Amino acid sequence: MESRRHPLTSPSLGTRRELTSLHFGVPGAGGKVYIQASLHADELPGMLTAWHLRQRLTALEAEGRLRGEVTLVPMANPVGLDQTLLGVQIGRFELGSGQNFNRYYPDLADVVHDAVAGRLGADAGANVRRVREALAAALARIAPQNELDSLRLTLMQLAADADVVLDLHCDFNAGLHLYTLTPMWPDCEPLARYLGSCAQLLATESGDSPFDEACSGFWLKLQTRVAAHAPATPVPLSCLAVTIELRGQDYVDHTLAAQDADAIIAFLTHRGLVAGTPPPLPALRHPATPLAGSEPLLAPHPGVIAFHRAAGETVAAGDAVADIIDPLEGRVSTLTAPRAGMLYVRELRHYATTGMWVAKIATAEAFRTGKLLSA
């Protein structure tokens with residue numbers, strides 16, 4: 001294992017943070033996997049899972065079983081990790097700009113398309129190499145304006161040449177679930193099976209360029225642009241990027257983290273990036289559904305939230321999910337599932353303000369438009 005430090009742009013006199021990446025295996029030997037944890041710095045289950053992955057990757061490297069390169073960033077956001085306010089850790093939004101740490105990553109499809117136009121041929125592998133060289137050059141030309149920009153740029157540079165990108169997050173109170181691009185679902189399905197994911201949320205674009213879509217959506221956009229000008233030129237979708245939501249914020253548990261690390265290693269073995277026989281594929285807990293079919297249940301008035309259903313349970317249309325109880329007026333509003341689906345996330349707090357989302361259900365019907373992710 002090699003540890004590398006990446007200084008970030010200093011935000012203020014006397015202050016400088018850095019990002020640490022851990023590198024396993026042999027670069028260029030058999031593909032690359034990039035894994036990062038806790039980009040939202042208040043989402044800590046991924047950091048513990050990364051610790052367990054480090055132990056497993058160290059052992060696999062010593063045994064000579066890594067067939068490619070694995071880059072692990074066990075703590076992807078030193079900026080947000082330092083945000084403790086009045087004893088409460090935050091870390092989802094950069095305090096200076098208010099921007100979400102998992103939004104606004106560089107969209108370089110047009111820039112790279114212009115750079116490789118006329119240089120791609122009939123060899124798909126050679127095309128991928130040329131595109132990655134152009135992407136690395138485009139990223140190298142970006143001059144970060146502040147610490148947040150430099151964090152985004154460093155993460156993108158570490159992941160840009162990866163065949164698999166796994167971004168470890170968690171939700172408030174949730175069953176394990178994941179997000180990926182719709183065209184990548186066949187490649188992602190084994191990962192969902194090994195992880196026991198309760199919901200698989202698919203979109204071609206969710207809005208505001210989160211990290212996973214900046215990695216994999218780049219290839220989809222580039223493929224579309226190349227096809228419009230040179231339809232016979234092959235440009236494969238060469239990055240499977242997945243956001244994995246490791247249950248809820250309070251699920252920082254050795255047993256679960258070890259289980260999730262084992263599932264990720266099983267998936268990498270299934271893909272041939274780790275030598276050995278992969279475990280049999282478990283059944284898929286719930287079918288993949290469109291992110292546009294994610295149904296938020298909203299509080300009609302303020303009150304205490306009392307849930308009837310746990311995250312990770314399937315619900316039928318009309319099933320009671322939660323009560324909103326106003327003890328001053330004595331009123332109770334029961335939130336029910338408008339459609340059948342998987343109750344994949346609940347609000348962690350137990351007090352609702354008017355209009356606040358209380359729970360989300362993954363349904364099979366795509367009915368939402370616009371930006372599909374919450375802030």
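## Exercises on strands and helices

Strand 7 is covered on both faces: V164, L166, L168 and C170 on one side are buried, and so are V165, D167, H169 and D171 on the other. The model is a predicted one.

**Exercise 1.** Determine how many residues of strand 7 are buried, and which strands pair with strand 7.

*Solution.* 
- Start with the cut-off: a residue is buried under 20% relative accessible area.
- Eight of the eight residues of strand 7 (residues 164–171) are buried, so the strand is largely enclosed by the rest of the structure.
- In a regular strand, side chains alternate between the two faces of the sheet.
- Now the partners. Strand 3 (residues 32–37) runs parallel to strand 7 and is joined to it by five bridges. Y34 has V165 as its bridge partner in strand 7.
- Strand 11 (residues 240–248) also pairs with strand 7 in the parallel sense, over seven bridges. Here V164 has L240 as its bridge partner.

**Exercise 2.** Compare the span of helix 5 with the expected value, then state how many of its residues are buried.

*Solution.* 
- Helix 5 (residues 147–159) has 13 residues.
- At 1.5 Å a residue, 18 Å is expected; from first C-alpha to last, helix 5 reaches 19 Å, which is close.
- Next, burial. Helix 5 is mostly covered, with 11 of its 13 residues buried. Among them are E147, R152, L155 and M156.
- Check the start of the helix. A side-chain oxygen of N146 comes to within 3.2 Å of the backbone nitrogen of L148.

**Exercise 3.** Describe the packing of helix 6 against helix 8.

*Solution.* 
- Two packed helices are described by the angle between their axes and the distance between the axes.
- For helix 6 (residues 185–195) and helix 8 (residues 254–270), the angle is about 145 degrees and the axes are 8 Å apart.
- The crossing of helix 6 past helix 8 is right-handed.
- Helix 6 makes the contact with D187, P190, L191, Y194 and L195. Helix 8 contributes D260, A263, I264, A266, F267 and H270.

Note on methods. Residues numbered from 1 in each chain as written. Predicted model: local features only at pLDDT ≥ 70, side-chain atom pairs only at ≥ 80, totals over all residues. Heavy atoms only, no water. Helix = DSSP H or I, 4+ residues; strand = E, 2+ residues; numbered from the N terminus. Expected span 1.5 Å × (residues − 1). Buried < 20%, exposed > 50% of the residue type's maximum accessible area, 1.4 Å probe, protein only. Polar contact = N/O pair within 3.5 Å; in protein donor to acceptor, adjacent residues only side chain to side chain. Pairing = 2+ DSSP bridges. Axes fitted to C-alpha atoms, helices over the stretch in contact; angles between N-to-C directions. Left-handed = near helix turned anticlockwise from the far one by under 90°. Contact = heavy atoms within 4.5 Å.
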